[in-house]
Amino acid sequence: MSTPARQALDRQATPWLFASALVTIAPHVLHQAYWLSALAGLLMFWAIRLWWKDERLPGRWVLFLLVIVGCSGILIEFRSLFGRDAGVAMLVVFMAMKLLELKSQRDAVVVVVLGYFLLLTHYFYSQSIPTGLWLLFALWLVTATLIRLHGGPASTTRASLRYAASLCLQAIPFMLVLYLLFPRISGPLWGLPSDAHAGMTGLSDTMSPGSISRLAQSADIAFRARFSTTPPAKQKLYWRGPVMEQFDGTTWRLHDNRGTSPQLETLSAPLRYEMTLEPHNQRWILALDAPVQLPEGLNASNVLAVTQRLPVTERRRYELAASLDYRFNVDEDPRALSRNLALPPGVNPQARALAERWRNSDHRPSAIIGQAQALFAAEFTYTLQPPLLGQNGIDEFLFKTRRGFCEHYAGAFVFLMRAAGIPARVVSGYQGGEFNPLDGYLVIRQSDAHAWAEVWLEGQGWVRVDPTASVSPTRIETGIADALPFGEPLPALVQWRADWLRTLRYRWEAVNNAWNQHILGYDPQRQRELLSRLGLPDTDWRSLATVLGIACSLLVAAMTAWTLYQRPAIDPARRLWLTALRQLARRQVDCAPWETPMAVAQRVREQRPELAETFQNVVDAYLQARYGKSNNNLNALREAVARLR
Amino acid sequence: MNLAGRFQQFLFRWRSDGTAPLRLGQRRIFIVPSRGGLLFALALVVMLLGAINYNLALGHALVFLLAGLGVAGMIHTFRNLFGLVITPGRCEPVFAGQTAFFPLALDNERSAPRLALELAATAELPIEAAIASRGKTRVRVPLPTQQRGWLALPRVRLATRYPLGLFTAWAYLQPDMRCLVYPAPVTAPLPAASAAANGGTQHGAGGQEDFAGFRPRQPADSLRHVAWKASARDSGDGPLLIKEFAGGAESELILDWQHTDPALPVDTRLGMLAGWVLAAEAAGDRYGLALPGLGLAPASGDAHCQRCLEALALFQP
């Protein structure tokens, strides 16, 4: 870029830059504010129009004004110019704006580097296989743009794309080596902006009518589990989430449980499994009831809710174990018991009266529980679209609407138990899961979200009672898709019943899971495992850097060697001639390199007269091919040489 | 030579490459990151930090892939020069002040094309070249001239940034090429017909009697001979036209060093002689050259003209 003439951007190269900007910005349309996409689209359209009409690019003041407009828009939208989303928005706007400032080769290089940078930002929002593939495509196109920019018009579209593909393929070995060996640092290097983990779905820490049925309409995967043995039956799979003990009349809330650790008496051998939890930005881990032998970093509170110290903001793996039969807190703290008997005063008088009647007829807890289950089993409907409830929600639900989802049943059941004098509480979490036979993982979706009850019985401790099981046994035994009638707003994915569709889905999910486990889930832990399998136990970053350096040097050396080794150009006629000479050598006719074809033919006539005619044909064809006028004689030569064999 | 110069001499091992075809080997090719490459590296570092901070597995993969792309790009930039065969050609003489062009044949024996090669003898006048797959191309490296005499081609820098522009690879070429630079012709009227004294006259073109047409003006033509009206009529930007006459006596001139003003500098005097040579040649005269210690017998024609100009170019007073 030493002279102005070279600095100027080639007009024919500009469409490449538009294409690069388009493929790197486009996926952001899916999640960013509409006005941002519209602004970027408008700017790009303007730039393309100016190029098409070959008009002058806007002046500095116009661009400055645009920067002001873009920045103030972002400030209003995000209340900041920094942070994850605002930063991405800035990059998008600047990329679109840079297209209005394409004057020199240097501007073009800036667009390309911005494009590479924008590629990274897509991973904030998705790291799925489709995203990966799209970005690979974008990378290819942006690289081809770079090649086109530097190669000038001599680098045709086809040649640029081919060269870019070849370069990307050659970069892959480096990527693999670096990916496997680059010393991985876990955790943020600096404080993440507050919006870093926005938009994650999962159970919330409160429960009110409608909260779980809303969640159950999502087919997103909550977590996956893989058992070392065959997985237990579905109705035993209760994945325990937040336990709610406080009730204000409509909403169930967590109680701040500190201090005492739970007393758990296991009655069956621990069942080991590995859980891959999708990020949900909460601290709890949805461990299988009842969790035993927690790994380091996880804690169980005295309501047996497993939590980690920081919210789960990225996909994580846990090695867990559960005992399906257990006795839990047989000697419960009296304060906890009284907490689990408390009811807000005044609300739901009918429900209280009903509980009172049950208690008076038979005061044994098992009888009261039986009464409640019988009530639910008789007249209630399990639905994702329950009617709205008012002030005395439980009364309305029990005596009027009688339609509800699991949170209605769990809430009403716990209310009735407390009113009847049995300590009870709501447990939320997930129930069941879908076994993928292709990779052996159990997939638990948001649609498997569930709520059930726990009652404390003298001598037995806390016992799980699932009132939903009384209303809709299929929900617990086979899953939500079978428990709900057709027409409920369940996600389509969950409803697919056709076998081929289901197989397709299993396959897709297995591929996704493998991707998550092996590619996205490659963390410092896995890196250590891999290296120790390669015979490098106890690696620190120094030894890693050494190995990495050696591996990269070897790769560079291999590529350089390939470059330095250049096969001399040899024309096809000569190659065929050399083949013929090798055939002669096999028949003990040796030829010196300086012998002309004619001389060789002469020698063949003397030494192997029986070959003479065949070889003379070869010589004629060779001379014709090399020195003849028409250039299509190769086939004749090829045939003549073939006859020599 | 100053210290930096010595260092460069040591590092790049500048020496003449002779006149034979020259194949670029790895010892000759140097490579450093370009400005775009540094920007790219900076972007990669920032991206890596981002990927680590947000724990983006694919972010790591992208950064590593781009790093690999950079390395592959480096090797390919090197490869764009490696094995290129450069054959020096013959250089046409020019007048001082004009630009000399040194022809080089670039031969690509590879099946991949070599694009975006830049050759420069001086930083101000780079030229670009692209060679097709297994192709050959001729380039003319420009070099401004100032002084008459032999102008040797200085070191030529052959550089490329293709394909990715992240690295600049270059090699120095120093083929033995020189260009003869004639003195810049100075326009002056031809010395008067003292020439006639030297003998017989012939009839031919370039006389002064019958108008025979126009011809483009050459630097040695006096402005007095310009056909202004005809030039204006002809076109605005074409060369000025000179009226040509036929049928005059073809005189025999001796263009003598002594006829030039001794008060003028040597180069100006030589320039006047060069202008006379051109004018005489254009007029179709037979002319000779008389320099101190050197005389060329009267003759005419291209070869004679060039001989005269060469004598002037190489004249040592």
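Colleague: At what angle do helix H8 (residues 157-181) of chain A and helix H3 (residues 57-81) of chain B pack, and how far apart are their axes?

Modeller: In this predicted model, the two helices pack at an angle of about 130 degrees, with their axes 7 Å apart. The axes are lines fitted to C-alpha atoms, for helices over the stretch in contact, and the angles run from 0 to 180 degrees between N-to-C directions. The helices themselves are DSSP runs (H or I, at least four residues; strands are E, at least two), numbered from the N terminus.

Colleague: Why is H8(A) called oblique to H3(B)?

Modeller: Angles under 35 degrees count as roughly parallel, over 145 as roughly antiparallel, 65 to 115 as roughly perpendicular and the rest as oblique. The angle here is about 130 degrees, which falls among the rest, and therefore H8(A) is oblique to H3(B).

Colleague: In which sense, left-handed or right-handed, does H8(A) pass H3(B)?

Modeller: H8(A) passes H3(B) in a right-handed crossing; a crossing is left-handed if the near helix is turned anticlockwise from the far one by less than a right angle, and right-handed if clockwise.

Colleague: Which residues of H8(A) and H3(B) meet, and how do you know that they are in contact?

Modeller: Two residues are in contact if their C-beta atoms, placed from the backbone, lie within 7 Å. By that rule, residues of H8(A) including A:Leu167, A:Ile172, A:Phe174 and A:Tyr179 meet residues of H3(B) including B:His60, B:Phe64, B:Val71 and B:His76. The residues of this contact divide into 15 nonpolar, five polar and no charged, where Ala, Val, Leu, Ile, Met, Phe, Trp, Tyr, Cys and Pro count as nonpolar, Asp, Glu, Lys and Arg as charged, and the others, Gly among them, as polar.

Colleague: What makes up the contact between chain A and chain B as a whole?

Modeller: It takes 48 residues from chain B and 52 residues from chain A. On the side of chain B that touches chain A, helix H2 (35-53), H3 and strand S6 (114-120) each supply at least two residues, and H3(B) gives the most, with 19 residues. That side has 31 nonpolar, 12 polar and five charged residues.

Colleague: What confidence does the predictor give to the complex, and to chain A and chain B?

Modeller: The complex has an ipTM of 0.77 and a pTM of 0.72. On pLDDT, the predictor's confidence in each residue from 0 to 100, chain A has a mean of 85, with 93% of its residues at 70 or more, although over residues 1-6 of chain A the value is below 50. Local features need pLDDT of at least 70 and side-chain atom pairs count only at pLDDT 80 or more, whereas totals for chains, interfaces and linings use all residues. Residues are numbered from 1 along each chain as its sequence is written, while chains are lettered from A and ligands numbered from 1 in the order in which they are written.

Colleague: Why is H23(A) called roughly antiparallel to H24(A)?

Modeller: The axes of helix H23 (residues 597-607) and helix H24 (residues 612-627) of chain A come within 9 Å and cross at roughly 175 degrees. That angle lies in the antiparallel range, so H23(A) is roughly antiparallel to H24(A). Among the residues making the contact are A:Met598 and A:Val604 of H23(A) and A:Phe615 and A:Leu623 of H24(A), and by class the contact has nine nonpolar, one polar and one charged residues.

Colleague: How is H24(A) set against H25(A), and why?

Modeller: H24(A) and helix H25 (residues 634-644) of chain A pack at an angle of about 155 degrees, with their axes 8 Å apart, and that makes H24(A) roughly antiparallel to H25(A) as well. H24(A) passes H25(A) in a left-handed crossing.

Colleague: What makes A:Arg79 worth a remark?

Modeller: Most residues other than glycine have a negative phi, and most peptide bonds are trans. A:Arg79, in the loop between helix H4 (60-78) and helix H5 (84-98) of chain A, has a positive phi of about 60 degrees although it is not a glycine. The peptide bond from B:Tyr162 to B:Pro163 is cis, with omega near 5 degrees.
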